[in-house]
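These are my notebook entries on a structure that I looked up.

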Amino acid sequence: MVFLLLQIFFSIFLNKKKYIMKNFKLIMMFGLMFFGFQLFAQTSTVKGKVTDETGAGLPGVSVVLKGTSVGTSTGPDGSFSLMAPATATLVFTSVGLSRVEEPVRGRTTLSIQLVKSSNSLDEVVVTALGIRRSKNSLSYAAQTVAGDEVSKTRTNNFMNNLSGKVSGVEIRQTNSLGGSSNVVLRGAKSITGNNQALFVIDGVPFDNSNNNSGNQVTGRGGYDYGNAAADINPDDIDAITVLKGAAASALYGSRGSNGVILITTKKGRKGLGVTINSGITAGSILKNTFASYQKEYGGGYGPYYEDGTGYFLFRDPNSGFSPVSSSSPNGRLVVPTSEDASYGGKFDPNLLVYQWNAFDPSSPNFGKATPWVGAANDPTTFFTKPTSYNNSVFIDGGSDKGTFKLGYTRTDDNGIVPNSKVTKNLMNFSSTYNITDKLTAGASINYSNIVGKGRYGTGYDDKNLATNFRQWWQTNVDVAELKSAYFRTGRNVTWNPADPTDLTPIYWDNPYFTRYENFQNDTRNRYFGYATLNYKITDWLNVLGRVSIDQYSEIQEERQAMGSVTVSNYSRFNRTYNETNFDLLINFDKDVAKNLNVKGLLGANIRKQTIESISASTNGGLIVPKIYALSNSANPVNAPLESDLRKEVDGVFAGGTISYKDMLTLDVTVRRDASSTLPKGNNSYYYPSVSLGYVFSKLFEKATWLTYGKIRANYAEVGADAPFYSTLDVYNIVNPFGSSPQASVASTKNNPSLLPEKTKSTEIGLEMSFLRSRIGFDMSYYNAESFNQILPTTVSTATGYSSKFLNAGTIINKGLEVSLYGTPIKTKDFSWNVNINWTRNRNNVKALFEGSSNLLLASFQGGVSINATLGQPFGTLRGANFVYTNGQKTIGSNGRYLQSATSNEVIGNPNPDWIGGINNSIKYKNVSLSWLVDVRQGGDLFSLDLYYGLATGLYPETTGLNELGNQSRNEISDGGGIINPGVTADGKQNTTRVTNAQFGSYGYRRVPAAGFVYDASYVKLREAVLTYSLPGSIMKMVPAFKGIDLSLIGRNLWIIHKNLPYADPEEAISSGNLQGYQVGAYPTTRAFTFNVKLRF
Amino acid sequence: MKKIIILLLLPLLFMAGCTKDLTSLNEDPKNPSVVPSYALFTNAQRTLSNTLTSSSVNLNIFRLIVQYWTETTYTDESNYDLQTRQIPRGVWNSLYRDVLRDFQEAKNLIPTDVLDGTGKPDVAKQKNEMAIVDIMQVYTWYYLVTTFGNLPYSEALNIDKPFPKYDDQKAIYTDLLFRLNADIAALGGTASFGSADVLYKGDPAKWKKFAASLQLKMGMTIADSDPALAKTAVEAAIATGVLAGNNDNALFSYLSGPPNTNPIWVDLVQSGRKDFVATSTIINKMKTLGDPRLPFYFTLDGGGTDYIGGIAGASNNYTTYSKPSAKITAADFPALLMGYSEVRFLLSEAKERGYNVPGTAAEHYSAAITASIQYWGGTATQAATYLLQPEVAYSTATGDWKQKIGTQKYFSLYNRGWDEWIEQRRLDQPVIVAPSTAVSEYPVRFTYNVDEQNINTANYNAASTAIGGDEVTTKLFWDKF
C-alpha cells in the first residue's frame, strides 16, 4: 500500500496527469481505508508513575498510545497523566531504557518500571528526520550514545568525546586550542569533496564548516579555527544517534551521503527541574608527546664559522661585535646567533661564549661571555599548565499546555601556550505549546558565542612555536631567560638575531613576543533555531511544518607586530553563513491490521544557503606600531577578497515502513533533489533505499539463552551535487600593476555538463544478545561505491590549467563494524558493564579520470604529497623513497642513503587498519567509575618535525658515540662520523664512514622522505570518570536538592602505546581530506577536572 | 477524505513556491565572466618577468646553478637538488599555466574586444597586439624548450587535450622561429597596448627590435646544431634591426610598493633572510680583472674591506662574504628581459661563426662590455679602462672566441641566471665545476614536472625515451658539446 501511495505521489510530482486520474479512485479508496481504521472507544484519564530499578521516579519518559502519536511525557518525579481509551495499550519509552508496553485494561493508575540497559534492543532510537523508532524495528546500522556520555567529561568539544564510543566513526582531533575535529563515518567517499559527517539537531542540519585556509590545511601556517559543530552545547544533548550508512541517511539527501550524527536535545518536562554543573580543570602536557633534547652540543650548523674551531663567530666585543679586523682585533667566541640548529660547539662549562643575551643592554649578561652549557630550561618549560572552567545551568519545566527548556553553558579554556584562550557562551532555549489538542507549536533558539584569542599558530610558520622548538632550535638557549627578556623590555629580544651586529630576528622571534604580540583573535556569533507547527489530523496522521535558520557571522583578525621576523601585518576575515530550511512532513503510523503496522512519510524540503566572506590585509607593513587597522597600512591596501556563495536545493521525499508482528520490517525511501549548483537539465537526481530487518529470535522464543537476534540488509543510493560555481568559467581579477588592470584565467576549468555524483551502498548486519541481554553484539558489513565523482581532475598544466571539473573517479569503501557489550557482573549494589567498538574500513581508489593514475590532493613541505592514487587506499603519501637492494636500504658510494629517482613513490597510507574503543563502567552503590581505552592500529604519518629536527641535531639520536666508541660528531679525522646501516649497490654491508660534524646526517638532506614516515598506531587511556552521588541519607538533610554528584574526570591520562617518537600520532593539522602529515605538532594535554553537579 | 488528498498534495504546493530557475543562482556574483584582453596581457607579462627574475628557491635557482650566488646554510639548491622543492614543477606550472595561458587568453579576446571609436574591430591595433602577444609567447617558449627539451606544444594550452602529447624540441624550435618571422612582418604603425605593456608602452617599433633580437638570440642558440637555420635567422634579425642601445633594453619596471615590486626585494630584503652570498667563482674572476661592475653587483664582505665570495655549494658564514648589492635588491630595480649588451655579444659571436654581420667581432665584443658596464651604472671611461686590460681586450684575452665571449658574457649576464645557464651550456665557457657535495653533475637540463609522470604518464614516458632519458644530464638538441 505504501508503495502505491509512493507511486501515486511521484506520479503527481512528475505531472503524469493521466496516471493521477486513473489512480484517483485508488487514492480515495485508501483514504477511506484509513478512516475506517479509526477507533471510537471510551476514553478516561490514566495516571501513574514511572520508576527505575531503584524505585526513583524517571523524568522525561515518553508515554504514547500504541499505534498513535498521542502521548505525553513524565514529569520530574516520573508521574504522568493522559487521556486513554480503556482498551488502549500505553508504550513507555526513554532513550537508554528498555521499552515497555502496558495495556490499560480499564485501569486509571499504572505503576511502571523501566530497566536501565544501555544496550537494550527495545530502546528508542531517533532516526532520520527525527522519527522515533524502536531499535527493534531498524533495518540499518544506527548506534546511540546518551548525552551524558559526551557531556560527563566536561570538555568543550563534544565531537572528540565520541571517539571510541561508536563503531564506524573515525575521529581525529588536533591538540590546538579550540582546534578542529575530523569526523568521518565509514571512510572517505569523496576524493576532493567534503567527507565530514552531517550534524543534525532535532531534525535541522547544523553547519559544520571548517574554513581553515588552504595554507593552514597544507601545513604552511595559519590558525586552526576549528569546525563549527563545536558550537553545539554538550549539556543540551539528550542523545546522539549515529546513522552510519546511506540507507539510514538517505532521507537527508545529498548532504547525508557521509552519514549523519543526529543530536536530540533535551526537552522540557512537567514540573520544574534545575541542573547546575560547575567544573574546574587543570592539566599539563604529556612529556612523551613533545621533543626531548640532546644535551651535548649547542647552536650552529657545523664547523664553518669564524673562530679556529669553526663552531663560533669570532668578534671583538669592544667594537660592537664586528668581525675581527685591524680596527677590531680582539676576537672572542660568539655563538652563531643566526643559526637555528644544534650542530654547534660541544658544551664545555669552562668555555666562555657571548650568547644572545650578551647583546641585550637590559640583560644581566649584557656584554658578558657565559659558560657554554645546555639550557637549564628547555622548550618543554615554555608550555603553561592549562586551566579550564566549565559552568552550566539548565532549567526545564512544563505543564499540560506546554514545556520549556532554558540552558546556559560557559566554558573558559586557557591553552598550553601563554596568552591563549577560548571562551564559549552557549545558550539554548526551546519551548512547545499545545494550542489545541491537535495543534502544537514549538520553537527553539540557540545562541552561541565563541571568542578566541591567541590560538596556537600551526604549520611551518614563525608563529608556530612547536615548529620552532621541534625543528629549529639552539639547545643552549634558555626559555626562562627569553621570557624575562621579553617582559623586561617588551621588545622582540630574540635568541636568533641575524648577527651580533644586526639584532633583527632572522628566522625566529622571541617566543614570548610571538605569543603576546603576534596573536590573533576571533569571534563567532551564531543563531540556530526553528519554529514548528505540528497538526495531528488523527491519532495516526500528523503534519509538521518547520522553518529553521542557521546563521552565524565570524571575524578573524590576525596580527604581525612591527619588529617581527616577517613583515608587520594586520588582516581581517569576515564571514557570514546563512542557511534556511523549509520543511513539510506528513507522518502516519498505524496498526492497519493485527500484527501489521504501517508507517509512512511524505515530505518536502527547501534549503537555501548563502555564504559570504571578505578578507583584507595591510600591504607591505604597518606604519604605527601596535595599531591593527587596515588604515595603518604602509602601502595602499590591495582590494579585499570577496566571496559570495549561494545555493538552493529543493527536495521531495517519501518513505514507508511495514512491520509484521514486530518481526519483519521493510523500509523504503525515495528522495528527489534539484540543486542549483548543477547545470540546468541535469540538476535533479533521485535516490532510493530499501531495507529489510528480520527478528529471527521470535522463532526461538523457547531458547532462553538467546534473548534477541536480528538480521538486516539494505541497499541505498545517494546522489550529490557539485561545489559552488563549478559549471561556468570566470576570471580572477588580480591587483592592478600601477594603473594597469590585471586579470588571469582561473586555474580550474569549470564544466557546464556536470552530472550528479553517486554512491551505491549495501549493508548487512546481525544483532544478537544472549542470557537476558547480559552479553550481545551488533555487527555490520558494508560496501559503498562512490562513482561519477565531481572532481577538479588534475590535468597536465601544459593545458594552461591545473584541473578541470569532471565526473570521474570511483572510491570503494568496505568495512566491518562490531559493537560488543556485556555485563560481567550485576548484583544489587555492584555492576560492571563493558562496551567494545571495533571498526575496520578499507578503501580503494578504483578509477580516476581516463589514463591518469594519480590525483594530487595537495603537496607539502618536505617533497611529500597527499594523493588519490589508482589502486591504492585514499590519501596516499608520496615522496622520495629509499632504494632497496635485496630488501635492505642501499647506500651510495658517498656513504649516504640512495634516494629514489623521483619524489613520486608511494611511501605511506594514512588509513588505519582498524580502530576501536573499550568502555568500562563500574558502579558500586553511589560510586561509579568509567574509563575508555581508545585504540588505533596502523596508518602512517609523515613527520616534518623529525625530517628537519633530526637534521638540525636537536634530538639525542644525533649525538653520542659511534661504533668506534668516539663522539660521532667529531670530525672523521678524529675518529668521529657514522656508518649508515644498509648495503652498497652490490649488496655488501656498507662500511663508508660519513661525517656527522655538520647538520643533516639524520635528517632531510641525507635521508629520503620515506625515512620520516611513522606508524601512527596508538593505545590511549582516553578518559576516566569517577562519580560519587551523595546518597539518599545525606540528601534528606538538604531537601532543596534532588541530587548532588561529585566527579573527578581525567582526559588523555596515559598513552599506553605509540610508535611515533616525541609526538602524539593522533595530532593533525586540521580536519579534512588531508591526513597523515605532522608539522609543528603540539603536545597532548593530560587534564583533570573536578565537577559538581547539582539537581534541584 | 478531501483533507487527505490536500495533505498529500501539500509537499507539491510547497515546492511550487520555488519553481524559479535554480540554475541562475549558480552564477558567481563576485568574479567576472568577461575581462579586457589587455588586463590578461599585463598580468602575463608581469608573471613572466617575475619568474625570470625571482630568486625564490622554490622557483628560480639559476643564479645558484651558474654560481653567481650560493646559499649560506640551507645549501640544497646550490647543490643542484631540484627534487626537494620540486623546482621543475614550479617553472613548468608558472610558464605554462600562469604565463602562456593568460597570453593565449588575451589572443582569444583581442579580436572581439579591441575596437575603434565606432565599436568596429580596430584591425591595425589588433594586428599589432596579436603580434606582440605572440612574441611574448615565443619568448616564454624559448625558456621552456631550452630548459626541458621535448614539450607539449601543438596540443598544449588546450583543455580539450588534458593529457597532451610531447613534440620534438627541434620541431618546436623551428616553429617558434617561424612564428617570430610572421610577428616581425605583422608589426607596424603605432597603435597597440599602450600602458598595459610595461616593457615598451606598446611601441610597435621597439617591439620589432625586441623580436629581431630574440630571433638573433634564438638563431645563435642553435648555431652548433643547425648552422644553416641559425644563419638565416641571425641575418634576418640583423636586416630587421636589433636593439640599438641600452635605451632599447626590454626593462620591466617594477614599482616600489608591494605586490608589484621586484621579486628579489621580496626574497632578500622584505623577508629579512640571509640566504645568499656571492660565490668565489664570479668574485675572484672579476676581482682579478678589476671589473668596475663589482660594486654594482655585490656588497663588500663583513670586514667591509674587500669582495669575497663563498664556496659554491658549501656551508658559508653569511657575514664573511659579499652579498647581492643594494642596487639589485631595490624594490623597484627593473628586470631586464633583453639587453643591448647581450645583443652585441651575439653579433660578435655571429661574426666569428662567419655569418653576414657588419663590423668586427672585437667591435661587437667591446661594445657589449661597454653597454653592460653602462647599464649597471659604470661610466664610459671605466669601460674603456677595463677594455684596455690584456685579459679583457678581445685580441689578447685568453682562449678562443668561445672562451673570450663566454667569460665576459658570464659577467654581463649577472643576475640573469637563467640566460647565463643557456649561454654557458651552449658556449661551454666559462667552465663551471659542480660542488663536491652536489647531488648530481652540472645540470644541462631540468627533469620534467613530476606531475607529468603521474598524470600524463604515457606521453611523459615517450618524451623521456625520445630525448634519451629524463635526467639532468641529458643534453638538449642544441647543446652539441
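**Entry 1: Conventions.** I note that this is a predicted model, in which local features need pLDDT of at least 70 and side-chain atom pairs count only at pLDDT 80 or more, while totals for chains, interfaces and linings use all residues. Residues are numbered from 1 along each chain as its sequence is written, chains are lettered from A and ligands numbered from 1 in the order in which they are written, and side-chain values use heavy atoms, with hydrogens and water left out.

**Entry 2: Extent of the interface.** I looked up the contacts (heavy atoms within 4.5 Å) and found that 110 residues of chain A meet 94 residues of chain B. Together the two chains bury about 8,300 Å², with 61% of it on carbon and sulfur atoms. Buried area is the accessible area (1.4 Å probe) that two parts lose on being put together, summed over both. Of the area that chain B buries against chain A, 9% comes from B:Leu22, B:Asn26 and B:Ile159, more than from any other three residues.

Entry 3: I recorded 3 salt bridges across the interface; the rule asks for a side-chain nitrogen of Lys or Arg within 4 Å of a carboxyl oxygen of Asp or Glu. B:Lys274 forms a salt bridge with A:Asp502, and their closest N and O atoms are 2.6 Å apart.

**Entry 4: Sheet of 5 strands.** I then turned to chain A, where an open sheet has the strand order E10-E16-E17-E13-E14 and mixed pairing. Strands are DSSP runs of E with at least two residues, numbered from the N terminus, and two of them pair if DSSP finds at least two bridges between them. E10(A) and E16(A) (residues 237-243) run antiparallel and are joined by 5 bridges. I also noted that A:Val145 has A:Ile240 as its bridge partner in E16(A).

**Entry 5: Sheet of 4 strands.** Which order do the strands of the antiparallel open sheet E3, E2, E5 and E6 in chain A take? I read the order as E3-E2-E5-E6. Its edges are E3 (71-73) and E6 (100-103) of chain A, each pairing on one side only. In the antiparallel sense, E2 (residues 62-65) and E5 (residues 89-93) of chain A pair over 4 bridges. A:Thr93 in E5(A) is the bridge partner of A:Ser62.
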